[in-house]
Amino acid sequence: MSLTAHDERLLKALAVAIVDRPRATLKELAESAGVSKATLHRFCGTRDGLMEMLEGYGHIVIRQILEASQLQQVEPMEALRGLIAEHLKNRDMLNFLLFQYRAENLDMEATTERWGYYTEAVDAFFLRGQQSGVFRIDITAAVFTELFLSMLYGMVDAERYGRAASSSSAQVLEQLFLHGALVQPKG
């Protein structure tokens, strides 16, 4: 999928529109995204075409997040911070992916196959962090991945509903993931 900067802006706007108004018509989605129905029709054809484009763009965004985070190249704590920051830079698409893949809509086998590269990359990162002595070894890398991604997507969802401030999300995610919810003893 080759996209221009304009196409990417339009896809991001459409992702937000679909999450905000899931039952909106193509015309209403076009209006929400700031384009005409004719422009949207030329862009994606049908609502199904739009959903396919958004899912394809979601894969592009996730691959960009993984690449920019340098999960296997930089020190694990720097990579973790990058992984959080890169995800949060793309919160609109994360909201769409979260909306699109809610548990009641999932064919678990197909979803696992379709998004396996994502979890495998994050698993490999946590395993590398364990092997280098940064992350604890009594929890599997796969569990770290599930907990981390659940917290990350949960935070993005909480921001959407006004239950979390986006300005502090990265710090909250890092601190809660690394240190848990217990008050740290002083001294």
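**Figure 1. Six phenylalanines gather in one aromatic cluster.** In this predicted model, Phe125, Phe126, Phe135, Phe144, Phe148 and Phe177 make up a single aromatic cluster. A search through the whole structure turns up ten aromatic pairs. If you want a way to read such views, a pair of aromatic rings is described by how far apart the centres are and by the angle of the planes. Phe126 is a handy residue to start from: leaving aside residues up to four places away in sequence, Phe126 touches Leu80, Phe135, Ala141, Phe144, Thr145, Phe148 and Phe177.

**Figure 2. Here is the largest nonpolar core.** This core has 57 residues, and those with the most contacts inside it are Leu29, Leu40, Ile62, Phe96, Tyr118, Phe126 and Phe148. Which helix gives the most to this core? That would be helix 4, with nine residues. As background, nonpolar side chains tend to be buried together in soluble globular proteins.

**Figure 3. Two arginines sit over tyrosine rings.** Arg63 lies over the face of Tyr117, and the distance to the ring centre is 3.7 Å. Arg160 does likewise with Tyr161, over the face of the ring and 4.9 Å from its centre.

**Figure 4. Arg21 and Glu28 join up in a salt bridge.** How many salt bridges are there in the model? The count comes to eight, and this view shows one of them, with the side chains of Arg21 and Glu28 meeting at 3.5 Å, N to O. In general, side chains of opposite charge can pair when their charged atoms come close. Arg21 is partly exposed, at a relative accessible area of 38%. Glu28 is partly exposed too, at 26% relative accessibility.

**Figure 5. Lys27 and Glu31 pair up within a helix.** The closest N and O atoms of this salt bridge are 3.8 Å apart. Lys27 and Glu31 are separated by about one helical turn because they are four residues apart in helix 2 (residues 26-33). Lys27 counts as partly exposed, at 47% relative accessibility.

**Figure 6. Glu55 and Arg114 form a salt bridge between two helices.** Their side chains meet at 3.3 Å, N to O. This pair links distant parts of the chain, with Glu55 in helix 4 (residues 47-69) and Arg114 in helix 7 (residues 108-131), 59 residues apart. Arg114 is partly exposed, at 32% relative accessibility.

**Figure 7. Gln70 has a positive phi.** Most residues other than glycine have a negative phi. Gln70 is not a glycine, yet its phi is positive, at about 50 degrees. You'll find Gln70 in the loop between helix 4 and helix 5 (76-89), where it is partly exposed at 37% relative accessibility.

**Figure 8. Asn90 sits in a loop.** The loop in question runs between helix 5 and helix 6 (91-100). Is Asn90 buried or exposed? Its relative accessible area is 14%, so Asn90 is buried. A polar atom of the Asn90 side chain lies 2.9 Å from the backbone oxygen of Glu86. Apart from residues up to four places away in sequence, Asn90 touches Val61 and Ile65.

**Figure 9. Gln171 is out in the open in helix 9.** Gln171 has a relative accessible area of 57%, so this residue counts as exposed. Helix 9 covers residues 169-179. The C-alpha atoms of Gln171 and Ile65 are 18 Å apart, and 106 residues separate the two along the chain.

Definitions and conventions. Residues are numbered from 1 along each chain as its sequence is written. This is a predicted model: local features need pLDDT of at least 70, side-chain atom pairs count only at pLDDT 80 or more; totals for chains, interfaces and linings use all residues. Side-chain values use heavy atoms; hydrogens and water are left out. Rings of Phe, Tyr and Trp (its six-membered ring) pair if their centres lie within 6.5 Å; planes under 30 degrees apart count as stacked, over 60 as edge-to-face and the rest as tilted. A charge sits over a ring if NZ of Lys or CZ of Arg is within 6 Å of the ring centre and within 35 degrees of the ring normal. A salt bridge is a side-chain nitrogen of Lys or Arg within 4 Å of a carboxyl oxygen of Asp or Glu. Buried means under 20% relative accessible area, exposed over 50%, partly exposed in between (1.4 Å probe, protein chains only). A nonpolar core is a set of buried Ala, Val, Leu, Ile, Met, Phe, Trp, Tyr and Cys residues joined through side-chain atoms within 4.5 Å. Contact means heavy atoms within 4.5 Å. A polar contact is a pair of N or O atoms within 3.5 Å; within protein, one must be able to donate a hydrogen and the other to accept it, and residues adjacent in sequence count only if both atoms are side-chain atoms.
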